[in-house]
Amino acid sequence: MKIGVSSSLFLDTEKSLSEALNHLEKKVKYVELVCDGNLNIMEDGNAETAMSYNLTYTLHCPITDLNLSSYREKIRNTSLEYVKDILEYAVKVDAKVVVLHPGYCVFKHDYEKSLVSLIKSLKELNKLQENFGVQITIENMPSYDMFMFREPDKKIIENLEELKITLDIGHAFLNKNISKFLDLKDKIAHIHIHDNNGNFDEHLCIGKGKINFNEFSEELKKLKAIKMIELQKKSINDLDECIKNLKNILG
């Protein structure tokens with residue numbers, strides 16, 4: 001049973017990376033490292049710190065500044081250049097999976113141009129994946145209009161090639177499309193798990209929102225991907241309960 005916890009639980013707290021990993025190593029074998037804030041794995045010495053723990057890692061891209069869907073080529077190309085830096089750190093910490101956000105498009109008028117740009121980025125990401133030997137995944141996004149890949153868009157899926165999907169259950173629940181994404185089981189290489197009440201991306205403890213995980217527990221069990229709990233700092237005290245609830249769901 002591959003259960004992990006994202007270090008994002010300690011983002012924007014007073015915890016250092018070593019303090020966060022000390023805490024998580026007692027709970028799970030898998031941890032998702034982040035590239036932001038007080039836990040930024042890309043800061044000097046943090047990769048070495050991570051490798052001093054008996055943990056298996058995945059790596060999450062920065063939350064800000066990247067836009068793989070920008071139709072402004074300078075921005076898209078700069079984003080891809082930075083993905084190379086992320087992949088270099090993935091290699092340093094022997095990360096099995098890298099999670100990328102697909103980007104965003106603020107205005108509806110620009111959507112088609114942004115979709116074309118995203119597909120171009122996917123093709124280039126396939127080359128980077130081959131060069132670095134790290135599995136790159138694209139995460140489905142929550143139900144805010146600006147985000148790309150809120151739905152399992154056929155054009156995006158068809159152009160993934162060797163890339164895979166990080167299925168974020170909480171995001172899919174907001175978009176009412178969990179079953180549609182689960183139908184893409186052959187494309188899913190990683191899973192983010194958290195709960196919400198159907199309106200906002202709350203990242204709550206499993207069981208404290210409205211997602212009925214038992215409805216698709218069998219599908220989850222069949223997926224060999226790491227089930228990565230992704231909570232926010234407001235749920236720090238719920239971590240043990242969340243791990244317990246997920247273990248019950250997975251049987």
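**Exercise 1. Determine whether Asp12 and His203 are buried or exposed, and what phi each has.**

Asp12 is exposed, with a relative accessible area of 62%, where exposed means over 50%, buried under 20% and partly exposed in between, for a 1.4 Å probe and protein chains only. This is a predicted model, in which local features need pLDDT of at least 70 and side-chain atom pairs count only at pLDDT 80 or more, while totals for chains, interfaces and linings use all residues. Residues are numbered from 1 along each chain as its sequence is written, and side-chain values use heavy atoms, with hydrogens and water left out.

Next, the backbone of Asp12 has a positive phi of about 65°, although Asp12 is not a glycine. His203, also not a glycine, has a positive phi of about 55°, but His203 is buried, its relative accessible area being 7%.

**Exercise 2. Find which residues of helix H1 are buried, and explain why they lie on the same side.**

Start with H1 itself, residues 17-25, whose buried residues are Leu17, Ala20, Leu21 and Leu24. These residues cover an arc of only 95° around the axis, which puts them on the same side of H1; the arc is that of the directions from the helix axis to the C-beta atoms. Helices (H or I, at least four residues) and strands (E, at least two) are DSSP runs, numbered from the N terminus. As background, an α-helix has 3.6 residues a turn, so residues three or four places apart point the same way.
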